[in-house]
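Me: Hi! I'd like to go through the charged pairs in this one with you. Could you start me off?

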Amino acid sequence: MVDLVKAIYAYPGAGQPTHLVFAAGTVLLVSEKSEDWCRGVCQGREGWFPTTYSQALDCKSLEQKGIPMAQLVSVLRSPEWLVYATEDNKLYYVNVATQTTTWELPSLGTTTMTPSLPDLTGPLSGLAALNINPNALEALMALHNGPQKIVESEKSSRRQKPKMVVVNGVTFLEGGPEQKRLNPEQLSYVDHFWADKDDRTGYDVILEKHLNGKESIKDMAELFRERAAIEEQYSKGLLKLFKSALGEQEEGTLKNAWVSIKTELKYRSEAHATLASGIKEHLEKPLLEFKEAQKKGRKEHQQIMEKSRKQLQTFDANIEKTCQLLNKSKKTSRDESVLKRRSVAGDDLKKLEEGYNAAQRQWIDDMINACQDYEKQEDERSDYLKDLYFKYIELCVAVNEASAESLTRATNIIQRVDKKLDREFFIKSRGTGSFRPCERIVDL
């Protein structure tokens, strides 16, 4: 049975030669699957990738559309072809050798293409990660964009004028030209959180992410605090055992071995005390300080964004109110007083419009600053926590190494246990005499 998936995210391979590299939208042939990882094939290359980076394709549906599975599998295994799926899972094919693309399933050995070209603006941006010749990539874009631009220009001439839509005080252009991204180099907050969703602003969504991050840091600090307390208690318990009189009656090399066992408790106690101290000093305390440092920047942006959005919504409400007055005055008498009030309202509307646009420009600037700072903070949080986790691992490894050293010392002493020497020691130090009893002769 053929198992096909579509990549919903680009995967760079994590720097591992056994991992598969692909762009979002790539169709992959799955040969092996587990809960977390899949082994797949595309462009003749085979490797591993995270299961969560893909979603299943309906092979039966593809066959019903006239796509033979055996032929599709051959194309996926060919180093000359890349297969992509659109959002509605329609397949198209890119020949990386000839810089051509087609909707038709290729027959291996032919390079004849149909003039129908798919939209490559999404997945094509990720093809650079697949080591395609840059000239071939440029030619492929030219092949795609050439006829497409002509079609778009014809469509644009027939389009209606874009209309403005106001959502919760913010004005958007519906049906207008596509906007250039503010950060075209990568996915960024500043390009993807402008609209409201489910009665929440894009800023609210970003803020929630960072508030959740704050709570996560708080929980981590609590975990480290409790772990340090456990280590301290464990250390004290081990030290108590070391100081106890248990086993004091033992002698000889067995006594040396027993002492090494108890001494190992002392070393282990010291190692766990060091771990407890390290967790408090190098993990818990710095983590709480980091949380407080990020809190300041977040509160500043909260105040600014609340103020600018409120100002924008106030202008929007006044504009709506003034427009209603003007529309109402058009239906009333045209006497001089009405016309005068309409003229004043028109002047007020113009001022409100200027004030609104200035407020919206300010809100946009504030939003850009907030997005950039929050994204920077999240990057810093990610880097900081990554280093912190490594530090935690180092502390734990140090404890294990110290424990291993003390166990090695104990092992060496235990290996020197000698029953013969112990017997000789006992006899020489505690012996009561070497003459055995003899038979008794009674003299009368």
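Reply: Happy to! This is a predicted model. Let's begin with E222, which is partly exposed at a relative accessible area of 34%.

Me: And which residue does the side chain of E222 meet in a salt bridge?
Reply: That's R225, with 2.8 Å from N to O. R225 is partly exposed too, with 39% relative accessibility.

Me: Where do E222 and R225 lie?
Reply: Both sit in helix α4 (residues 202-243), three residues apart, or about one turn of the helix.

Me: OK, what about K280, which side chain does that one meet?
Reply: K280 forms a salt bridge with E232, at 2.5 Å from N to O. K280 is in helix α5 (residues 252-330) and E232 is in helix α4, so the pair ties together parts 48 residues apart in sequence.

Me: How accessible are K280 and E232?
Reply: K280 has a relative accessible area of 33%, and E232 comes in at 31%. K280 counts as partly exposed, and so does E232.

Me: Which residue does R430 bridge to?
Reply: To E251, and the closest N and O atoms are 2.3 Å apart. R430 belongs to helix α7 (residues 419-430) while E251 is in the loop between α4 and α5, so this pair links parts 179 residues apart in sequence.

Me: Nice. How many salt bridges are there in the whole structure?
Reply: A search turns up 15. Among the residues involved, K209, E378 and R381 are linked in a network.

Me: Switching topic: how many helices and strands?
Reply: Seven helices and 10 strands. As for burial, 35% of the 444 residues count as buried.

Methods
Residues numbered from 1 in each chain as written. Predicted model: local features only at pLDDT ≥ 70, side-chain atom pairs only at ≥ 80, totals over all residues. Heavy atoms only, no water. Helix = DSSP H or I, 4+ residues; strand = E, 2+ residues; numbered from the N terminus. Buried < 20%, exposed > 50% of the residue type's maximum accessible area, 1.4 Å probe, protein only. Salt bridge = Lys/Arg side-chain N within 4 Å of Asp/Glu carboxyl O.
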